Amino acid sequence: MNFSIEVINLYKKFVERRRKFYILPKEKKEVVALNRVNLRVKRGEIFGLLGPNGAGKTTLIKILSTLILPDEGEAYVDGYDVVREAGKVRSRIGLMTGGERSIYWKLTARENLLFFAKLYKLDKKAAEKRVNELLELMDLKERADDKVEDYSSGMKMKVILAKALIHDPPILLLDEPTLGLDPNFAREIRKFIREELNEKEGKTIFLTTHYMEEADMLCDRIALIDRGEIIRIGTPDELKREISTRNVLVLETLDEPPTKELEAMSYIEQVVTSLSNGKYEIKIYAKNSVEAAREALNVLNNVKVRVVSFKVEEPTLEDVFIKHTGRRLRDEEQSPI
């Protein structure tokens, strides 16, 4: 089979230097960002890398786009080695990173795109034609000559995506493409990625996300990644079938729940709790939801925990992640690795 991306036994670590007190020397700490990662992306598919912040998603994107070197292992993009054939790799990819600072705010959308077209050595006539096509495609033609600093966040993201498409690459690397966007515009971007870029133009798309809904609705296959290691790879349906026999009970409480006491109950298999906006959310996994609910409510009542709401949900990709890691996708709020 012809693969657009192949990653073989990839390993990358960083050294963090932190100083606890100003007068003390900095302490060094090694952080393994990628730990023997292996994956293959089929030509023409949308492949998602799903994991929490700090899982290693951005590091992998940076290696595939030749921005950083791996410590060990191999990676190929469109058959080219990312280390030995970096120039050829760059000509085959379009890179879109989260954040609005990858374009020039003091320039217009047209000026930005013409500038990047020149970097890709498109001649003037071809560049102008391609820029006009992309401005039309992104519905930016009426504002094409306004400065980017006057654009909304959604419009800026359109310019960033157009920049990634300027040289019409067969492979797109999208790092958190909808991060920070309002829900309506995020849906618009996802639809554009699926219908226009993938289905119409046939581009291979490798994207990272920590939004399970995005991965579920957009990706043909997904790799779950946590702390630098690939946990599972499969289609969304394949991954969710792993927990199809589990019921998911979700309770919201005003008080901290006794997790250990809940996990000790005979019908309860796993418990994960999180705190948000002053309320605790308890996810309980069980094969018998009725008996598990009875046990859970008895435990909470005995320790005077106030229950605000209770419901049973269908398993999601986050529940697959919880099964293998014991943690939620959005537990860790830290800079992406």
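Y104, F115, L119 and Y120 make up a nonpolar patch on the surface of this predicted model. Together the four residues expose about 400 Å² of accessible area.

L119 sits in helix α3, which spans residues 109-119. Is L119 buried or exposed? Its relative accessibility is 53%. The cut-off for exposed is over 50%, so L119 counts as exposed.

Now follow α3 to the helices it meets. Two packed helices are described by the angle between their axes and the distance between the axes. Start with helix α4, residues 124-137. The axes of α3 and α4 come within 10 Å of each other. They cross at roughly 135 degrees. That angle makes α3 oblique to α4. The crossing of α3 past α4 is right-handed.

Next comes helix α5, residues 153-165. Here the axes of α3 and α5 come within 9 Å. The crossing angle is roughly 25 degrees. Angles under 35 degrees count as roughly parallel, so α3 is roughly parallel to α5. α3 passes α5 in a right-handed crossing.

What follows α11? The residue is G326, and its phi is positive, near 75 degrees.

Note on methods:
Residues numbered from 1 in each chain as written. Predicted model: local features only at pLDDT ≥ 70, side-chain atom pairs only at ≥ 80, totals over all residues. Heavy atoms only, no water. Patch = residues over 30% accessible without salt bridge, like charges linked within 9 Å, V, L, I, M, F, W, Y side chains within 5 Å. Areas by Shrake-Rupley, 256 points an atom, 1.4 Å probe, with all protein chains shown as cover. Salt bridge = Lys/Arg side-chain N within 4 Å of Asp/Glu carboxyl O. Helix = DSSP H or I, 4+ residues; strand = E, 2+ residues; numbered from the N terminus. Buried < 20%, exposed > 50% of the residue type's maximum accessible area, 1.4 Å probe, protein only. Axes fitted to C-alpha atoms, helices over the stretch in contact; angles between N-to-C directions. Parallel < 35°, antiparallel > 145°, perpendicular 65-115°, else oblique. Left-handed = near helix turned anticlockwise from the far one by under 90°.
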